[in-house]
Every structure is written in C-alpha cells, then in structure tokens.
Amino acid sequence: MSKTAIITGATAGIGEATAIEFAKLGYNLILTGRRKERLQKLQSELESKYRTSVSVHAFDIQVKAEVENFCRHEIGDKTIDILVNNAGLASGLSPLHEGDVDDWEKMIDTNVKGLLYITREIAPRMVAQQSGHIINVGSIAGIEVYPNGNVYCATKHAVHAISEGLRRELYDKGIRVTNIAPGLVETEFSIVRFHGDEKRASNVYDGMEALTANDIADCIAFAATRPKHVNIAEMLVLPTNQGSATQVKRKSQP
Ligand code: 8X3
C-alpha cells in the first residue's frame, strides 16, 4: 500500500522538490503552504505525471487555529506515514541590536511554533499507529551560530532540539525522527531573507556551487526510504566548497 506524506511549505524550494521526489516514489501526498495557486499547479503536475494522489491545503502555519483545522477536519483519519516539517524562512540578516522585531516574530512563528503546532497534531496519530517518520528540515544554523544570524540561528537550534527531544520520546513507539541540516541551498531562501532584494540574494551564492533543492530532497527521500529499523537521525549536508557556516570558497578567491 502506498505511503502518505504531509509536506509543509510545498510551494517552492526544498518542499516542492521533496513533493516531486516523493511522487516519483509513489507516495500519496498532502501538500501545504500559503500560496494556493502554486499548490494547485503542483498538484495537477504531480497527478498527471506520476499518477499519485495529491491533496493541497492552503493555510498559514503560523496560525494555530488554521493548523488545527487542517489536521482535524481536512485530512480525515487516514494513516500519516511521514511528516516533512519543511515550512520555514529567514527574514533579515542584521545584528540583534538593530534587528526588526517583525522579522523575528515571523521566523519564530513559522520555524518553531508552526512546526510545533502541526507536530502536536500529527505525532499522536503516529503514536496510535505505532509507526511514522517525522523529518524536520533544520539547518547548519541549528548547529552553528554566525554573526547577524542570531534569531534565525535560534529558531534552527530550536528545530534541532525539538528533533532530539522527539527522538528520545518516540524511539520506543516505532517512530523515526530525522533532522536534516542543509548549508547553502540556492532557492528563494535568500530573496526572502533580504526582503525581495534579488541582487543581494544572488551574492550569497556568487562564485560557488551551492546545493540545489533537489540535493536536499534526495537526502530526505534517502532517509524516508531506509528499511524500517534504520533511523537516519541527523544529516548535515553542505556544498563541497562550504567548510562551515562562515567558510565558503568562491571562484574569485585565490
Ligand atoms: C540555510 C543555511 O547558512 O544560510 O539555513 O543559514 S544558512
């Protein structure tokens, strides 16, 4: 029987690439995000190309009532085999003493609270099933802190801690928990971080070969497709020319 996976933040980047990867594997998909048109376009592409069942649900993961409505009233009581907590963003890159509180709230509400809201709803179903897999998309920023990353790094440290906590609480219930921690991935990530400044965003990846969303989707699919007794607890995935959060070798450098 086909597995069913929920993927949050499926409208673009790693979430969209994971949806495509999972569709290729024949998973039934429940895709969420804020942009309804993008979700619907992806749904029809995946359904026609891979003949898999795809439902799409547009809501804001920052709003607890919307997450609860989705989980309690929109997805029915089907078995959820995999939850990919991918929805997340960076907003702003500045010292904390010059930071924008609205940016902080957006990051905390999405990356931490949104992830918690949906996990709080879906994990009990997995506990009742005594099976399931929660895959959290963290970041190298959840392992290292870099200047001006302050609140973003704090949210990804939280994702790391939540993943660790979940694993310690769910290992004896047949549930796997994976934390994927990517380094530089060229998606809309930096455009969002710099509030739409495409020039500044492209500088982040200038002269180096960043990871693609597909590279990370590939890792997520790898973790998801291991035999049941294998839990890939953690993956730090970097471009070859990235040594740490702050070390990147660029072509112009000697
Ligand atoms: C994305 C990686 O280094 O831009 O989470 O924070 S980084």
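User: At what angle do helix 1 and helix 2 (residues 36–50) pack?

Analyst: In this predicted model, local features need pLDDT of at least 70, side-chain atom pairs count only at pLDDT 80 or more, and totals for chains, interfaces and linings use all residues. Residues are numbered from 1 along each chain as its sequence is written, and side-chain values use heavy atoms, with hydrogens and water left out. Helices are DSSP runs of H or I of at least four residues, and strands are runs of E of at least two, both numbered from the N terminus. With helix axes fitted to C-alpha atoms over the stretch in contact, and angles running from 0 to 180 degrees between N-to-C directions, the axes of helix 1 and helix 2 lie 10 Å apart and the angle is about 20°.

User: How are helix 1 and helix 2 oriented to each other, and which hand does their crossing have?

Analyst: Angles under 35 degrees count as roughly parallel, over 145 as roughly antiparallel, 65 to 115 as roughly perpendicular and the rest as oblique. Helix 1 and helix 2 pack at about 20°, and they are therefore roughly parallel. A crossing is right-handed if the near helix is turned clockwise from the far one by less than a right angle, and left-handed if anticlockwise; that of helix 1 and helix 2 is right-handed.

User: Which residues of helix 2 does helix 1 meet?

Analyst: On the side of helix 1, the contact (heavy atoms within 4.5 Å) is made by Glu-16, Ala-19, Ile-20, Ala-23 and Lys-24. Their partners in helix 2 are Leu-42, Leu-46 and Tyr-50.

User: How many residues of the contact of helix 1 with helix 2 are nonpolar?

Analyst: Ala, Val, Leu, Ile, Met, Phe, Trp, Tyr, Cys and Pro count as nonpolar, Asp, Glu, Lys and Arg as charged, and the others, Gly among them, as polar. In the contact of helix 1 with helix 2, two residues are charged and no residue is polar, while the number of nonpolar residues is six.

User: At what angle do the axes of helix 4 (residues 101–129) and helix 5 (residues 150–170) cross?

Analyst: Helix 4 and helix 5 are roughly parallel to each other, and helix 4 passes helix 5 in a right-handed crossing. Their contact residues divide into 14 nonpolar, four polar and one charged, with Trp-104 and Met-107 among those of helix 4 and Asn-150 and Val-151 among those of helix 5. The two axes come within 9 Å, and they cross at roughly 10°.

User: Which element supplies the largest share of the lining of the largest pocket?

Analyst: A pocket is an open set of points on a 1 Å grid with protein on both sides within 12 Å along at least five of seven lines, a cavity is a set where a 1.4 Å probe fits but cannot get out, and lining residues have an atom within 4 Å of a point. The largest pocket has a volume of about 1,200 Å³, and the closest of its 49 lining residues to its centre are Gly-88, Leu-89, Ala-90, Thr-187 and Phe-189. Helix 1, strand 2, helix 4 and helix 5 are among the elements that each supply at least two lining residues, but the largest share, four residues, comes from helix 6.

User: Which elements give two or more residues to the lining of the second largest pocket?

Analyst: The second largest pocket holds about 250 Å³ of space. Its lining has 15 residues, and nearest its centre lie Ser-131, Gly-132, Gly-174, Arg-176 and Lys-228. The elements that give two or more residues are strand 5 (132–137) and strand 6 (175–182).

User: What is the volume of the largest cavity?

Analyst: The structure holds one cavity of 30 Å³ or more. Of its 15 lining residues, Ser-91, Gly-92, Trp-104, Met-107 and Asn-150 are the closest to its centre, and helix 4 and helix 5 each give two or more residues to the lining. With grid points joined across faces, edges and corners, and volume taken as the space filled by probe spheres set on the points, the largest cavity has about 80 Å³.
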